[in-house]
Amino acid sequence: FKVAFDVAKAAEDGKANRQLESVARFLNLHGRAGVPKQNMSLAIVVHGGASADLIASETNASQALIKALLEAGVRIELCGQTAAYREISKTDLIPGIVITHSAMTSHALLQQNGYTLNPF
């Protein structure tokens, strides 16, 4: 599996981002079904309001989930256009998150590399 997820909606206050939880669920349900970890390549492209969920902060309810996704090998990309607009720098982010040129560019490159876009 080479699957990309698009995440634009921010988490509700005090809760982990539901779209990020969906990525974790996808990873876990396929792992439990016997798909070897090395056969799953997942990427998350974040833009818009969801960028706030990538900020390293003790009050970020998504932080533990993001760290677990990164540890599981999930690639998390932040749209560089969103980062510039919202004045987010690499040092603001949870370590391991990559800033790319744009979300549109990320999706195009991921598709060229064999990733399919998960619509959920």
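The model is predicted. Its largest nonpolar core has 27 residues, and its rings include a cluster made of Phe-1, Phe-5 and Phe-26. There is also a largest pocket of about 150 Å³ and 1 cavity of 30 Å³ or more.

**The nonpolar cores**

- Helix 1 gives the largest share, with 5 residues.
- As general background, nonpolar side chains in soluble globular proteins tend to be buried together.
- Setting aside neighbours within four places in sequence, Ile-44 is in contact with Phe-5, Val-7, Leu-20, Val-23, Leu-69, Val-74, Arg-75, Ile-76 and Glu-77.
- Another core, of 7 residues, lies apart from the largest one, and among its members are Ala-4, Ala-103, Leu-110 and Tyr-115.

**The aromatic rings**

- The structure holds 2 aromatic pairs.
- One of them joins Phe-1 and Phe-26 in an edge-to-face arrangement, with 5.9 Å centre to centre and 85 degrees between the planes.
- Phe-1 belongs to the segment before strand 1 and Phe-26 to helix 1, so this pair ties together parts that are 25 residues apart in sequence.
- Phe-1 is partly exposed, because its relative accessibility is 47%, whereas Phe-26 is buried at a relative accessible area of 12%.
- Phe-5 and Phe-26 also pair edge-to-face, at 5.6 Å centre to centre and with 75 degrees between the planes.
- This second pair links distant parts of the chain, with Phe-5 in strand 1 and Phe-26 in helix 1, 21 residues apart.
- Phe-5 counts as buried, because its relative accessibility of 3% falls under the 20% limit.
- Taken together, the ring pairs link Phe-1, Phe-5 and Phe-26 into a cluster.

**A buried asparagine**

- Asn-17 sits in the loop between strand 1 and helix 1.
- Is Asn-17 buried or exposed? Its relative accessible area is 2%, so Asn-17 is buried.
- Not counting residues up to four places away in sequence, Asn-17 touches Val-7, Lys-9, Ala-10, Ala-11, Ala-50, Asp-53, Ser-62 and Leu-65.

**The largest pocket**

- Asn-17 returns here as part of the pocket lining, together with Lys-9, Ala-10, Ala-11, Glu-12, Lys-15, Ala-16, Arg-18 and Gln-19.
- The volume of this pocket is about 150 Å³.
- By class, the pocket lining divides into 3 nonpolar, 2 polar and 4 charged residues.

**The cavity**

- Inside the largest cavity there is about 50 Å³ of space.
- Which residues line the largest cavity? They are Leu-27, Lys-37, Met-40, Leu-42, Ala-72, Gly-73 and Val-74.
- The cavity lining has 5 nonpolar, 1 polar and 1 charged residues.

Terms used:
Residues are numbered from 1 along each chain as its sequence is written. This is a predicted model: local features need pLDDT of at least 70, side-chain atom pairs count only at pLDDT 80 or more; totals for chains, interfaces and linings use all residues. Side-chain values use heavy atoms; hydrogens and water are left out. A nonpolar core is a set of buried Ala, Val, Leu, Ile, Met, Phe, Trp, Tyr and Cys residues joined through side-chain atoms within 4.5 Å. Buried means under 20% relative accessible area, exposed over 50%, partly exposed in between (1.4 Å probe, protein chains only). Helices (H or I, at least four residues) and strands (E, at least two) are DSSP runs, numbered from the N terminus. Contact means heavy atoms within 4.5 Å. On a 1 Å grid over the protein atoms alone, a cavity is a set of points where a 1.4 Å probe fits but cannot get out, and a pocket is an open set with protein on both sides within 12 Å along at least five of seven lines; lining residues have an atom within 4 Å of a point. Grid points are joined across faces, edges and corners, and a volume is the space filled by probe spheres set on the points. Ala, Val, Leu, Ile, Met, Phe, Trp, Tyr, Cys and Pro count as nonpolar, Asp, Glu, Lys and Arg as charged, and the others, Gly among them, as polar. Rings of Phe, Tyr and Trp (its six-membered ring) pair if their centres lie within 6.5 Å; planes under 30 degrees apart count as stacked, over 60 as edge-to-face and the rest as tilted.
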